[in-house]
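User: I would like to go through this model and ask, for each label, what grounds it rests on.

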Amino acid sequence: GAVVNVLRDLSVRANVNFLYLGIILKIVGVAYIADFGAQLCRDAGEGALASKIELAAKILILVLAIPIIIAVLDALMNTLS
């Protein structure tokens, strides 16, 4: 809880929407869990399954990142206009 409060305070000071910070934390969590699962599969000799876990994680991360990508593109378009 304390870490989230610090991150929330930093996002307020940096004038960044906390929604984006939450998305980034979710992405980091997905990456760690997928890496852990893939390593477990590799240790069990299931390299193909590990590759599928990594692919699914990459797709999930891409889907989670869509709001951030849209915000960056929107900011870029506003800057160019």
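User: Why is Glu-54 called partly exposed?

Analyst: Glu-54 has a relative accessibility of 26%, and partly exposed lies between buried (under 20% relative accessible area) and exposed (over 50%), with a 1.4 Å probe and protein chains only, so Glu-54 counts as partly exposed. This is a predicted model, in which local features need pLDDT of at least 70 and side-chain atom pairs count only at pLDDT 80 or more, while totals for chains, interfaces and linings use all residues. Residues are numbered from 1 along each chain as its sequence is written, and side-chain values use heavy atoms, leaving out hydrogens and water.

User: What makes the pairing of Glu-54 and Arg-42 a salt bridge?

Analyst: Their side chains meet at 2.8 Å, N to O, and the definition asks for a side-chain nitrogen of Lys or Arg within 4 Å of a carboxyl oxygen of Asp or Glu. The pair links distant parts of the chain, with Glu-54 in helix H3 (residues 47-64) and Arg-42 in helix H2 (residues 18-43), 12 residues apart; helices here are DSSP runs of H or I, at least four residues, numbered from the N terminus. Arg-42, with a relative accessible area of 36%, is partly exposed as well.

User: How do you know whether Ser-11 is buried or exposed?

Analyst: Ser-11, in helix H1 (residues 2-13), has 6% relative accessibility and therefore counts as buried. Leaving aside residues up to four places away in sequence, Ser-11 touches Val-16, Phe-18 and Leu-21, where contact means heavy atoms within 4.5 Å.

How values were computed. Helix = DSSP H or I, 4+ residues; strand = E, 2+ residues; numbered from the N terminus.
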